[in-house]
Amino acid sequence: MDLNTITSPSFLKTMTNEELESLSQDIRDFLIEKLSVTGGHIGPNLGVVELTLALHKTFNSPDDKFIWDVGHQAYVHKILTGRANQFDTLRQFKGLCGFPKRVESEHDVWEAGHSSTSLSAAMGMAKARDVLGKSNHVVPIIGDGALTGGMALEALNHIGHEKTKMIVILNDNEMSIAPNVGALHNILGKLRTHGSYNKAKDDLEYLMKKIPAVGGRIAATAEKVKDSLKYLMVSGAFFEEMGFTYLGPINGHDFEDLEENLKFAKNADGPVVLHVLTKKGKGYKPAELDTVGTWHGTGPYKMETGDFVKSSAKGPSWSGLISETVRKLAREDKRIVAITPAMPVGSKLEGFASEFPDCMIDVGIAEQHAITMAAGMAMDGMKPYVAIYSTFLQRAYDQMLHDVCRQNLNVFLGIDRAGLVGADGETHQGVYDIAFLRHMPNMVIMMPKDENEGQHMVKTAIEYNDGPIALRYPRGNGLGVPMDEELKTIPIGSWEVLEEGTSAAILTFGTTIPMALQAAEELREEGISVEVVNARFIKPLDGAMLDSLAARQIPLVTLEEAVLQGGFGSSVLEYYNEQQQEVNVTRIGIPDAFIEHGDVPELLNEIHISVEDLKKQIKSQLQQATV
């Protein structure tokens, strides 16, 4: 079938199971081919092909609401709702978003890039439906990994208590980004092992109906037998005790099984959990054989072999450099433990885990728990290293403020993917952490100019024992600079001059330092001397250097790949205001808008963070100074 001709999922209503199976293969072939060029979340989407087809055949989107938890498994949904012809632009600048996007289609009723939100959103939509007197179905699709998120458990508790009519699809593939952990994962494992509880329960109920009704004693005994069966087989007990009707587990790649159970779920009263077993990466051997999460989301790859297209990067991956330096220091410092909220692969902690299995803690998708647990460990003398993406750290704001910073505990944050991340777009851009951490008392924030300084900052963070400290580092690879053999600490709050200048100064850090150096070089060729300062400590600031710059009365430009509101540039303005010093400061950074997906250079150009924009701003300041 030519998928580009699909404009609506309504054509599925009349398809036979044989035709659906053929369409499933067409969709898998399409995804494998298209994503080999653009990259994307191939594993999750190959796993939900039949499930997505069955949902769209059984329900009537967009009147019935599909709420995709995280959203990275919605590619099949996008194909069925008329967007196959846009897949050449997937996750590219001005192209198709890799997550549900309301402006793209009326069928995308909820946007998400973080996990565990679907059940709360579904409860809101179901409550709105009931208040408005409507009768549509609300169908959140949530993975087994996302159920470890506290927000999902809070929503389960509320939905079950209210007995709200809803069909929760539990897409169980035993993995989120990495293999799942935790007690709930073990419960689901027992459900998988014990097979179909619901059929056994139905068979028992049928037998009991054959028993003549002779008084309440037999009826009471029958109910006890039913309850005993639940606990004997484990299956469904967890969900049913929370107020849900439990169906499953069923084969998520069997159309007959899916259709039968979805129809049953539609007619059930109150909330239903339909437990669907799927195979992540189904239909593409390299993805099917993945046991660690490599094929969860990828860059381009060779379709025939599954080999990834190698990047031209010269330096080591930032995630690998930081985690391996922590590992190196852990050989001498027994206080060090590594904590990750379900990101051992993305944060490159496999090596640490293999060498120090007792000191590697994966808490699952539970960022708040990760931070407060780290605080508890620090309280008892440990040095916890929490490897967490900037975008996911947002979920633990209160824990950082209340539990870590307020108690001034020695927690080391490794803030991965700091800055623009590109293809994952606005839900994942790591541009807010400076603004939401900087105002927390006791917090130290730093970012290196290159990987050599990065390894020294890890040493600095481990040796720092006066409270919490955060090391920001970007997605991707380092610059390929020479690496010192011996690690050293860097004085907290110290900046360094990378390029001397007399006319103006650029204060910047991390990924924008090469941009500043290039701008300074090009301006020098025009006779303009610009100083470039590596403001590697975002908090505390280097007051002595700021005072020196103020005394020279030259214009300053602060440059950051982070939001301007409450960011580094704001802190420089605040400093001069507090010191009652009049300095000409211009800030360049992320504007007050969400930045969508695309290659980072394209995004930076669009928001006027470039060498040319920097040069233009400095020239404008100098021109104003001479007027």
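This is a predicted model: local features need pLDDT of at least 70, side-chain atom pairs count only at pLDDT 80 or more; totals for chains, interfaces and linings use all residues.
The unreviewed UniProt entry lists His72, Gly113, His114, Ser115, Gly145, Ala146, Asn173, Tyr284 and Glu367 under "binding site". These positions span 296 residues of sequence and are also spread in space, with up to 31.7 Å between C-alpha atoms. Two of the listed residues are set out below.

| Residue | Loop between | Relative accessible area |
|---|---|---|
| Gly113 | helix H4 (75-83) and helix H5 (118-132) | 7% |
| Tyr284 | strand E5 (271-277) and helix H12 (285-288) | 8% |

Gly113 counts as buried because its relative accessible area is 7%, and, neighbours within four places in sequence aside, Gly113 is in contact with Val70, Phe99, Thr427 and His428. Tyr284 is likewise buried; beyond residues up to four places away in sequence, Tyr284 touches Ile32, Ile42, Leu46, Trp295, Tyr301, Lys302, Met303, Thr305 and Gly306.

The chain is divided into domain 1 (3-289), domain 2 (316-478) and domain 3 (496-625). The C-alpha centres of domain 2 and domain 3 lie 26 Å apart, and the contact between them takes 28 residues from domain 2 and 32 residues from domain 3. Together these two domains bury about 2,400 Å², of which 61% is on carbon and sulfur atoms. Within the area that domain 2 buries against domain 3, Leu420, Arg438 and Lys449 supply 30%, more than any other three residues.

Three salt bridges are found across the interface of domain 2 and domain 3, and 17 residue pairs are in polar contact between these domains. On the side of domain 2 that touches domain 3, helix H18 (433-438), strand E10 (444-446) and helix H19 (451-463) each supply at least two residues.

Conventions: Residues are numbered from 1 along each chain as its sequence is written. Side-chain values use heavy atoms; hydrogens and water are left out. UniProt positions are given in the numbering used here, feature names are shortened, and annotations may be inferred rather than shown by experiment. Helices (H or I, at least four residues) and strands (E, at least two) are DSSP runs, numbered from the N terminus. Buried means under 20% relative accessible area, exposed over 50%, partly exposed in between (1.4 Å probe, protein chains only). Contact means heavy atoms within 4.5 Å. Domain bounds come from an automatic or database domain assignment. Buried area is the accessible area (1.4 Å probe) that two parts lose on being put together, summed over both. A salt bridge is a side-chain nitrogen of Lys or Arg within 4 Å of a carboxyl oxygen of Asp or Glu. A polar contact is a pair of N or O atoms within 3.5 Å; within protein, one must be able to donate a hydrogen and the other to accept it, and residues adjacent in sequence count only if both atoms are side-chain atoms.
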